[in-house]
Structures are given as structure tokens and as C-alpha cells.
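Subject: Structure handover

Hi,

Here is the structure I promised to pass on. Please open it first, and then read my notes below.

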Amino acid sequence: MRKSKGADMEKVSVVECNSYITEEVCSAVAEAVYRLDFTIPRNSTVLIKPNIMSQNTPRQGTITHFSLIEGLCRILQEHGCTIIIGESISFYQKGMTRKAFKTSEIDKVAEKYGAKCIAFEEEPLVKVDTGLTWMKELYLPEILLKADMVINVCKLKSHGSLRLSGAVKNMFGCLPGGYKQKIHTWSRNELELADVFLDINEIVKPALSIMDAIDSLDGGPSSLGKLVDTCRILASTNAAALDVVATEMIDYKNEESPILVQALKRGMIKSFDDIEVLGEPKKVLFKKPVKANLEKPINKNSALIKHTYVDLEINQEKCTGCKKCVHACPVGAIATEGDKVKLDQEKCISCYYCLHVCPVNAILIKPTMMNRLIRFGRFLSGL
Ligand code: SF4
Ligand code: SF4
């Protein structure tokens, strides 16, 4: 692991932390932030983006542990900040992001520190320009762009095709509802998908990224992976630099990570070596992934991509024609038709915001078989 130093080098702090005991984690988070000389503006509004999956509890190791959120909330509270915690889980189901705040136990931390938990699919979206030729615009929750500061709190997990589900990828969860899956179907290969993750990072500009690498998930990102003691908390003001250090920690190659290859190409990191590591990463050997082919086309017929976002329909009998959905839809996919409305599925990006603004629940989802299976799994898990 590199040890070089330089005034203009990206810095990644690495702090040992051997358990999820709250006090130990809180002091490790504070130390990780302190080593970066990171300043939190007093009385600012800070949005924390954790990594939460609806079905999973803190003990499964697939999600950001609530103790890191507590460590961060303590620091923010000392600075008089207003705290918002925002997420949109994968595989949309109405109300499930809110349930995920409960199963992750982040809701209890939020309550303790007066933070507000928000589901991004319930928030209005705004259009932002990307630097991509194949997708010129993105729609992001307005609240994310209005916050004074965004802090990204991710989990160290390996990922088959991306190699690492870390700091850069965690920001993809800012996209609401099934929009994430839609973008999977639009991008041709992992490099294009990586560019979307990086664009979100460049637009939202998380001021700080913190990684929960106390337990890490080998064979993630789902709970099918194996928990490994990596006993570290990492932090950086540069999400890509943090991912470089995490990738090396699990003995994967940065050159095989589509996210890091594109981050380097875009100048988000100068090189994989020009990173100053403040602390001692613990090197662990994760299961070797299959050889990377970064330009391999994404399997758009994969059930997890194609069948997990749902189409919508309007129940014309229930619809009162109030037009709230027409005004709320960020892409103009709902238009008035006589005294009712109609939905253009081709234009729809599956953000599902309209479902949350309709006062009479007249917008219905048409679940696919895959979606039904996911719901059934959640039902069996008591969710
Ligand atoms: S119709 Fe509009 S608001 Fe509703 S899910 Fe589609 S894009 Fe989102
Ligand atoms: S918000 Fe609901 S009730 Fe109002 S126009 Fe849209 S579908 Fe109809």
C-alpha cells in the first residue's frame, strides 16, 4: 500500500475500528474526519446518503451500519447542523424505503439527533445536464441539490461486474424508484453505467465520503456474500480516491473497475498512485472475481434489470382530474385528456413520484413476476 505524500494529493484516512460498539465507532468516525482536516460549516443543512437495502438488518453486513450514521450525526449536531438522511432503495415498492430506515435502525439514530429521514421517490425532481452523449440529462431529487452539503456514507462490498460497490456507486441510490433500473437498460456496458455514477458524483459533489469497512461483504452486494473483518473506517473528500484505497484493501485491481477506469479518464483522480493514505489499511483477500471485460454489453434481459421496474396505469374511475401528477412529473409523461389524465409509458423514467402526489391513489403499479417475487420475499421477511 502506498505511503507517499504531497500537498496536492488526494487524501484518504483509514482508521482502525474493531467492533460496532457505538462509542468505538463514533470516535473512529471523528478521527477519520479529523485526519482529513475537514471543516463542517456551522448551522448548515447536511444531507447524509447511507447505503440501505430494504430487506436487510445491520447484522447482515450489506448496509451502512447505523453506528456510523450516529458518529456523523454527533459531529453535525455539535456544529448546529440540520440533518437530513435520504435514500431510495432498489426494487421499488411503495413505502419500502421508509421501512428500510426502520430495519436498518437508522430511524432510531435520526430520532435521537432530530434528523429527518426522507425517501427520494417522495421528493420532487429537477433536471440536470450530464456530460454524456447518450443521456444528456438526469433527474435528481431537488432536496439533494439544495442541501448545503451532502455526505456519502457507504459500505465496502465487492460486486461482480463493478468490482466494488463503494463510495462512487452509493450515490446512484439518489435516483428514485425504478429510475435506477431504467438507466441500467439504457447503458450499453459497464463503462457507460460507471459514467452515470460519476456524473451523479460530479453534479451532487458529496463533500465527504465515509466507508463502513468494519465488516465488509465478500461476494456482495446482496446478503449472499460472506462477511469479512476488515476493521476499518475510511474517509475522503474524493469518493473515487476512497474507492481506490478500498479496492486495493480487498486485493482487487483498480484497472478492472469500470468506475475507477472512467474516474481516471475524467480526471477525478490523477492516478491510482497519487493518493495519500492517512492510516493503515488492512489487506484482505477477497474471492477473485472472473476476468473483467469492461466493454461487455450489459445483459438487458437480466431479470434483476428488466423486470424489477414496474409500469404504471391510471385508474380512470378513481382519477378526479386534479392534475397534480401532471405538474409533478419531471419529464411530462402525464398529460391531460379531457377531464382525466393519460400516461405515456415511453416517456416515463419510473421515478414513481406521481404515485406519492396523487391524493386518491389513482396511479397504480403493474408489477412484473420478478417484482411479485421480491415482494413475496419481503413479506416472508416480515416487511
Ligand atoms: S409518470 Fe412521471 S412522475 Fe410518474 S413515474 Fe413516470 S416519470 Fe415519474
Ligand atoms: S393526481 Fe391522481 S387524481 Fe389527480 S389527475 Fe393525477 S391520477 Fe388523477
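The model is predicted, so local features need pLDDT of at least 70 and side-chain atom pairs count only at pLDDT 80 or more, while totals for chains, interfaces and linings use all residues. Residues are numbered from 1 along each chain as its sequence is written, chains are lettered from A and ligands numbered from 1 in the order in which they are written, and side-chain values use heavy atoms, with hydrogens and water left out.

**Strand E7 and its partners**

Helices (H or I, at least four residues) and strands (E, at least two) are DSSP runs numbered from the N terminus. Strands count as paired if DSSP finds at least two bridges between them. With that in hand, E7 pairs with strand E9 (residues 208–218) in the parallel sense over 6 bridges. Strand E2 (residues 45–50) also pairs with E7 in the parallel sense, over 5 bridges, and there lysine 49 stands opposite asparagine 152 in E7. Strand E8 (residues 163–165) pairs with E7 in the antiparallel sense over 3 bridges. Serine 165 in E8 is the bridge partner of lysine 157, and E7 and E8 form a hairpin with 3 residues between them.

E7 itself (residues 149–159) is mostly covered, with 11 of its 11 residues buried (under 20% relative accessible area with a 1.4 Å probe, protein chains only; exposed is over 50%, and partly exposed is in between). Both faces are covered: on one side Met149, Ile151, Val153, Lys155, Lys157 and His159 are buried, and on the other Val150, Asn152, Cys154, Leu156 and Ser158.

**Other buried spots**

Helix H7 (residues 179–186) is largely enclosed by the rest of the structure, because 6 of its 8 residues are buried. Those are Tyr179, Lys180, Gln181, Lys182, Ile183 and Thr185.

Threonine 62 sits in the loop between E2 and helix H2 (66–78). Is threonine 62 buried or exposed? With a relative accessible area of 0%, threonine 62 is buried. Its C-alpha atom is separated by 7.7 Å from that of isoleucine 52, 10 residues apart along the chain.

**Cavities and ligands**

Rolling a probe the size of a water molecule over the atoms shows where empty space is left. Here the search ran on a 1 Å grid over the protein atoms alone: a cavity is a set of points where a 1.4 Å probe fits but cannot get out, a pocket is an open set with protein on both sides within 12 Å along at least five of seven lines, and lining residues have an atom within 4 Å of a point. Grid points are joined across faces, edges and corners, and a volume is the space filled by probe spheres set on the points.

The structure holds 3 cavities of 30 Å³ or more. The largest has a volume of about 90 Å³ and is lined by 14 residues, of which Cys319, Cys322, Cys325, Val341 and Cys358 lie nearest its centre. The largest cavity is the space taken by ligand 2 (a molecule sits in a cavity or pocket if more than half of its atoms lie within 2 Å of its grid points). Of the 13 residues around ligand 2, Cys319, Cys322, Lys323, Cys325 and Cys358 come nearest (a residue is near if one of its heavy atoms lies within 4 Å). By class, this shell has 9 nonpolar, 2 polar and 2 charged residues (Ala, Val, Leu, Ile, Met, Phe, Trp, Tyr, Cys and Pro count as nonpolar, Asp, Glu, Lys and Arg as charged, and the others, Gly among them, as polar).

The second largest cavity, of about 80 Å³, is the space taken by ligand 1. Among the residues surrounding ligand 1 are Leu312, Cys329, Pro330, Cys348, Cys351 and Cys354, and the shell has 11 nonpolar, no polar and no charged residues.

About 180 Å³ of space lies in the second largest pocket. Helices H8 (190–204) and H9 (239–249) are the elements that give two or more residues to its lining, and H8 gives the most, with 3 residues. The lining includes Val168, Leu198, Asn201, Glu202 and Met268, and by class it has 6 nonpolar, 3 polar and 2 charged residues.

Happy to talk any of this through.

Best wishes
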